[in-house]
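Hi,

Here is the structure I promised to pass on. Have a look at it first, and my notes follow below.

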Amino acid sequence: MIGNTSTLSEVLVQCITLLVFINLTSCQISYQEPFYRGATEAKLSDGGYEGVVVAISPQVPEDEQLINRITEVFMNFSNYLHQVTEQRTYIKEVRILIPTTWAEDPSYESAVSERFEESDIRIDFPPEEENLPNRNLPFTNKPTFCGSQGFYIHLTPEYLKNENTALLYGSYEKVLAHEWAHYRWGVFDEYPRPLSDDPYFYQASSGFIEGVRCTTAITGQQRTPDGDRCVIPADGIPADNCRFDDDRKSTPKTASLMYKQFLDQITDFCDDEKSNSGKVRVRHNAEAPNHHNIQCAGRSVWQVMREKSDFSTSSEAVRNIPTNFVKVRQRPSRYVLVIDTSASMTYRHRLRVLRQITDYCDYDESNSGKVRVRHNAEAPNHHNIQCAGRSVWQVMREQSDFSTPSEVVRNIPTSFVKVRQRPSRYVLVIDTSASMTYRLRVLNQITEYCDDDESNSGKVRVRHNAEAPNHHNIQCAGRSVWQVMREQSDFSTSSEVVGNTPTSFVKVRQRPSRYVLVIDTSASMTYRLRVLRQACYIFIYQVLLNGERLAIVEFNDDATVLQELTVVTETNRESMVLNLPSRARKSTSIGAGVLEALRVLDRNNSLERLGGRLIVLTDGQETTTPHIADVINQTDNVLIHTIAIGDDVAEDLETLANRAGGKQFFHQDASTALFDIFSQFGVESRGANSEELVSRYLSEFAPGQTETITFVRDNTLRGRIVIYLGVLSSADNTTFGGRDRLDVHLTSPSVVRTPAVFDSLVSMYTIRTESSEVRMTTCCFYFTA
C-alpha cells in the first residue's frame, strides 16, 4: 500500500513506515504451500464471502463508534468489490470479534472458532516504535507465493475512524479492494516499493525508457521527490533520485488497483483479455520489473485471480446482497458431557468404569480375562502421534518390565532406603591388553588393534567389545577395528608379510601452474575454430593468473608449437590470444599433439613436467600416426584434461584423460559448454572466486532485431559480474561486423547501464561490472541495420 503524498518529508516518512511490511515479505521462501491459517478462514458461497472475521485487538479501548465505522466501511467495500470483480463476488457476512476487555452486551453472540490470532482483518495499533505521522498505513501480511493467500490485513482504529487520515491512501473501498486482492487472491504491488531494490524506470522492448507502472496508458512526467525535472544522462536512464509522477487529471480512467489506488482514474484490475460482458479491461504491462510481475512470472492480476477457486468454478454474475454483520465475543469455555446410560451400559459395569477411570487402555483382554478399556487409535493426541496409534498396554508389553514374565506377582510393601551423597572415591583399574584405539592409547601396554579372529601367525588378538556404545561401534555397526581394516584394499588384496623398508621422504613445493593448450586444427575444425578461440580467450583473460605459464600447440597430421611455455603477465595476454590458431587443414594425429606438448614441458628441465597440465581439444577420429595408444605410456607426472567437440571423437580420448588423472569434457555445437569448461579449470586449481560468469553465443540475428537475456543473481555472490558474448552468424560463421553493428549493454535492477567492450580478435563482447545488486538483471543486444 502506498499513500497519496507529494512532499519529500511525507514520502520519506511513508518509506520508513513500510519497512516492517517489507521485512516480512522478504522471508517468502521459508514457507511451504499449503500452509495452515486456522478455523476462521472465510468461505465463498454463491459469490458471497461468509465468515469474514474482523477482530478488534484487546489493546483497543471500548468504542461503539469503531463498531459503527467497521459496519459502514465494509458495507461500502462489499458494494465496490461486487463492481470491480464484474459482479462475481461480494461480502455476505462479517463477524466482528469483540475483545474480552470490553464490557458484556446481550447483543453479542458467543464466539465459536473466532480468535484474534486467526482473523482475516485485524484492528490494532501499529507497533509502539513506529511513532511516525504515517503510522496508520494499511497493509497485508503476505509472506507467501503468487496466488497463495496471505495471513491477515492490518488496519488501525485511527484509519477507520478518521476519514481525513484515510484519504491519504485513497477511498476506503479502493484501499480495501487493494488489500483484499493481496490477502485473498495472492497478487502483489505493481508500483516500485520504497526501501526496496525495485527500479523506477526500465528500457521497454520498444527501445524507449519507461516508468515502472501497471499499464503504459498512464501518462506522467519524470520528476524528483522535490518536484524538479530529472536530469537525463546520455544513456537515457534517469538518475537514481528520479521518479515517475503520474498525471492525475489527463490520464484516461483506466489503470490497475494494484498500482496507486489513490488515483481517481484507477478503478479496475489489469488483464490481457476482455471481461465476460465484452468490456476491454486495462491492458497489462508484463515488461515492467515490478514486484507483481517478478513474483507472478509476468501474468496479469486477473490471470492470477482466474486461477483461484473464487473465480474458476463459476463465471456467472451474482446478486449483491447487503452484508450481514454479527458481533461475537469470546467467553469462558463451556463443556457438556453427554453419557450413554442405556441398558447396554450395565454390561460388565461400564458406567462404574466410566465414573472411576483406573486402568490403561488396550485392544486385548488381560491375563485374567478382564476386558480392558478399548483404545482409540484415531484420536490425534500426543500418545497416538508419538507411538503410532499403539495403545498404552501395547507399549508397556514391549518393555522388559512386562515382556519377560507374564505371571502375577505378590505386592510386597515398598522398602524405603535413605541415602546421602558423599565425596566420590575412585579406583583406577587398567586393562594391560587393551586395544590401541582405546582413548588411553598413551599407556605403554596398548600396542595393537582389537579383533575377533586370530592373526595370520596364529596370535590371539585383543578381543573386541562390540557392546560398548563408543564412536567406533556406532559408526561401524559393532565391527572390530581389524574387521574394518581387512575390508580395505590395503589388506584385502594380499595377506602376505612384507619387509619393513626405511621410509623415503620427498620435499615438494607448489609452483605456478603450467598449462599447454593442445588444439586440433585439422580440416574438420574449420567452422569451430572461432568458438574455440573465444573459449580460449576467456581462459587467458579470466582464468590464468599472473605468474602462471601457458604454451600453445596445434596439431593436424603433425604438431607445431605456436607459443613456448611463457609466464603470464598483465601486458602479454593479448599476444597470447594472437598466437591462437586461426586456420584449419589436413588430417588428425592426436598423439603427435600430446608428444609435442610433453616436449614443451620438458624443454627447460624435468621439473616443468611435474604437475604440468595439458588441455587437449579435438573433434574427430585419429587418421594419422602417432595415435593416442602410441603415446599414452609416456604421460607420467602430467595431468591431462580432454575436450571432445561433437559426437564423432576418438574412443581413446577418454582413456587418455583417465590414465593421466584428468577429466573428460564434452561440447556440442551451438552450446556454451566450451565457455563453461574453460571457466572450470580456474576453480579446479584454485577454488571458486567471487566473480559470477555468464556466457552466451549470438547467432541468426537480423537487422533491427533486439534480444534480451534476463538472469537472477542470488545473494551468495557479491563480487563483480563478467559476461562474455561470442558473436557468430549461422550462414558462414563470420562476424556480424564491427562494434558499430551491435548495441550491447547490461542493465542492473536499479537501472544502472554498463556498456560492453568489443574485441575484434575473437569477435567477443565483454561486460564487467562491480555491482553487487541481486535479483533480476538484464542484458540487451540490438542489431542495427
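Let me start with a cysteine: Cys146 is buried, since its relative accessible area is 18% and the cut-off for buried is under 20%. Keep in mind that this is a predicted model.

Cys146 is bonded to Cys296, with an S to S distance of 2.0 Å. The torsion about that S-S bond is about 110°, so the disulfide is right-handed. The two ends come from distant parts of the chain, 150 residues apart: Cys146 sits in the loop between S8 and S9, and Cys296 in the loop between helix H7 (291–295) and helix H8 (301–306). Cys296 is buried too, at 1% relative accessibility.

How many disulfides does the count come to? Two. The other one pairs Cys230 with Cys242, whose sulfur atoms are 1.9 Å apart. Here the torsion about the S-S bond is about 95°, so this disulfide is right-handed as well. Cys230 and Cys242 are 12 residues apart, and both lie in the loop between strand S12 (220–223) and strand S13 (243–246). Cys230 has a relative accessible area of 13% and is buried; Cys242 is buried at 1%. Counting bonded cysteines along the chain, the pattern is 1-4, 2-3.

Seven strands make an open sheet with mixed pairing, in the order S6-S16-S5-S3-S7-S9-S8. Strand S6 (109–110) and strand S8 (139–141) are the edges, each pairing on one side only. Strand S7 (residues 121–123) and strand S9 (residues 152–155) run parallel and are joined by three bridges; Ile121 has Ile153 in S9 as its bridge partner.

H3 packs on this sheet, where it touches strand S3 (52–56), strand S5 (93–98), S7, S9 and strand S16 (324–329), and its direction makes about 145° with that of S16. H6 lies across S3, S7, S8 and S9, at about 150° to S9.

These two helices also meet each other. The axes of helix H3 (residues 64–84) and helix H6 (residues 172–185) come within 9 Å and cross at roughly 75°, which makes H3 roughly perpendicular to H6. The residues of their contact divide into 10 nonpolar, one polar and three charged. On the H3 side they include Phe74, Phe77 and Tyr80, and on the H6 side Leu176, Trp180 and Trp185 are among them.

Cheers

Methods:
Residues are numbered from 1 along each chain as its sequence is written. This is a predicted model: local features need pLDDT of at least 70, side-chain atom pairs count only at pLDDT 80 or more; totals for chains, interfaces and linings use all residues. Side-chain values use heavy atoms; hydrogens and water are left out. Axes are lines fitted to C-alpha atoms, for helices over the stretch in contact, and angles run from 0 to 180 degrees between N-to-C directions. Helices (H or I, at least four residues) and strands (E, at least two) are DSSP runs, numbered from the N terminus. Angles under 35 degrees count as roughly parallel, over 145 as roughly antiparallel, 65 to 115 as roughly perpendicular and the rest as oblique. Contact means heavy atoms within 4.5 Å. Ala, Val, Leu, Ile, Met, Phe, Trp, Tyr, Cys and Pro count as nonpolar, Asp, Glu, Lys and Arg as charged, and the others, Gly among them, as polar. Two strands pair if DSSP finds at least two bridges between them. A disulfide is a pair of cysteine sulfur atoms within 2.5 Å. Buried means under 20% relative accessible area, exposed over 50%, partly exposed in between (1.4 Å probe, protein chains only).
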